[in-house]
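Let's take a walk through this structure together, with the model open beside you.

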Amino acid sequence: MAARAGIPLEDMEFWQFHPTGVAGAGVLLTEGCRGEGAILLNSEGERFMERYAPTLKDLAPRDFISRCMDQEIKEGRGCGPNKDYVLLKLDHLGAETIHKRLPSVYEIGVNFANVDITRDPIPVVPAAHYTCGGVIIDRAGRTDVPGLYALGETGFTGLHGANRMASNSLLECFVYGRAVAQHIGEHLHDLPNPRDAAPWDDSQVTDSDEDVVISHNWDELRRFMWDYVGIVRTEKRLERALHRAELLKSEIAEYYSNYHISNDLLELRNLVVIAELIIRSAMQRKESRGLHFMRDFPGVNEETRDTILTPDTMNN
Ligand SMILES: Cc1cc2nc3c(=O)[nH]c(=O)nc-3n(C[C@H](O)[C@H](O)[C@H](O)COP(=O)(O)OP(=O)(O)OC[C@H]3O[C@@H](n4cnc5c(N)ncnc54)[C@H](O)[C@@H]3O)c2cc1C
């Protein structure tokens, strides 16, 4: 909505991945597991974090661990029939400790992976967890459009920089929630009334018998974003992803103009805009910093610079 309204967005390339999402379920296992002593294993049974971080091992920062897991999987040491996850092993902690210290993890194992973690390791993959970037707002949550506020994960507050500490959503929720409420309370009467939206005209569109286009494009978007724009990026991968995003965007626009809308279509139409914002932001950052890791530019530039996308840069 903000991008379509021409409001600038900042640092959309900084996406945090949580290392231990239950494979295929998208539910997260707390990092407290590794805090208690759980370890990650690849298909060779190797505790691979010892190789990447000999001192911290499985207690290395979450973005670093996610990158290592991604590398293990991409280099063919993933587990399962498709070699697309690694394993989190907890059984050595003992059933008593698990039930006492990690009861919800035990429940998640049973309910979402059909695994008893007191006996067997549980399949995990990094899962998209948080975007540090977003719609540029001031300290009162105001955007460039009078009367339009943004807060929470949607807003770019600058609180997180290029990475994010765990549980900072609480900070956003309390601090910005209060600031926005206060500002609206004080200025409600000065705010301009929003313009009336044009009446929705669907007299020229028909019902689609091609709903498969939506599910197909959704899968394709998810797949290329994971493969090309996920945890480790390269210029080539980003170019490929942009090309595909543009194709999908035009296909979705055509579908949107010709057929009755549905929730899925609207969500897909929004997702492709977000995907393009992430790709274009990532292409602008020629370095590896925080959550943005580019194999072609592994170092950090001396000069720090924000990535700001405006309608002009969006369309280039
Ligand atoms: C699996 C997972 C675990 C997490 N764990 C933690 C944690 O432990 N600690 C922490 O600090 N952060 C955590 N985070 C991050 C945190 O949950 C989010 O940053 C936070 O919930 C964002 O809050 P929000 O209000 O901005 O957005 P949301 O919580 O996403 O709320 C947005 C709301 O808007 C609604 N909505 C969307 N579109 C429309 C529309 N068109 N019209 C009307 N309503 C709409 C949605 O239904 C939703 O209710 C986690 C994130 C994930 C994915």
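The shell around the ligand divides into three nonpolar residues, six polar ones and one charged. In this count, Ala, Val, Leu, Ile, Met, Phe, Trp, Tyr, Cys and Pro are nonpolar, Asp, Glu, Lys and Arg are charged, and the others, Gly among them, are polar. You will find Leu28, His129, Tyr130, Gly152, Glu153, Thr154, Ser167, Asn168, Ser169 and Leu170 around the ligand; a residue is near a molecule if its C-beta atom, placed from the backbone, lies within 6 Å of it. Two elements, β5 (122–131) and α6 (169–187), each supply at least two residues of this shell.

A word on what you are looking at: this is a predicted model, in which local features need pLDDT of at least 70 and side-chain atom pairs count only at pLDDT 80 or more, while totals for chains, interfaces and linings use all residues. Residues are numbered from 1 along each chain as its sequence is written.

Now follow β5 into its sheet. Four strands form an open sheet in the order β2-β5-β4-β3, with antiparallel pairing; two strands pair if DSSP finds at least two bridges between them. β2 (15–22) and β3 (39–41) stand at the edges with a single partner strand each, so one side of each has no neighbour in the sheet. On average, neighbouring strands here are turned by 45° against each other, direction ignored.

Within the sheet, β2 and β5 are joined by six bridges in the antiparallel sense. Trp15 has Thr131 of β5 as its bridge partner, and Val22 stands opposite Val124 in β5. β5 also pairs with β4, again antiparallel, over three bridges, and there Leu87 stands opposite Pro123.

Helix α3 (residues 62–77) lies across β2, β3, β4 (86–89) and β5, at about 65° to β2. Axes are lines fitted to C-alpha atoms, for helices over the stretch in contact, and angles run from 0 to 180 degrees between N-to-C directions; contact means C-beta atoms, placed from the backbone, within 7 Å.

Stepping back, the chain has 10 helices and eight strands, which are DSSP runs numbered from the N terminus (helices H or I, at least four residues; strands E, at least two). The domain assignment gives domain 1 (15–129), domain 2 (132–187) and domain 3 (212–314), with bounds from an automatic or database assignment. The centres of domain 1 and domain 2, taken over C-alpha atoms, are 32 Å apart.

Terms used: Contact = placed C-beta atoms within 7 Å.
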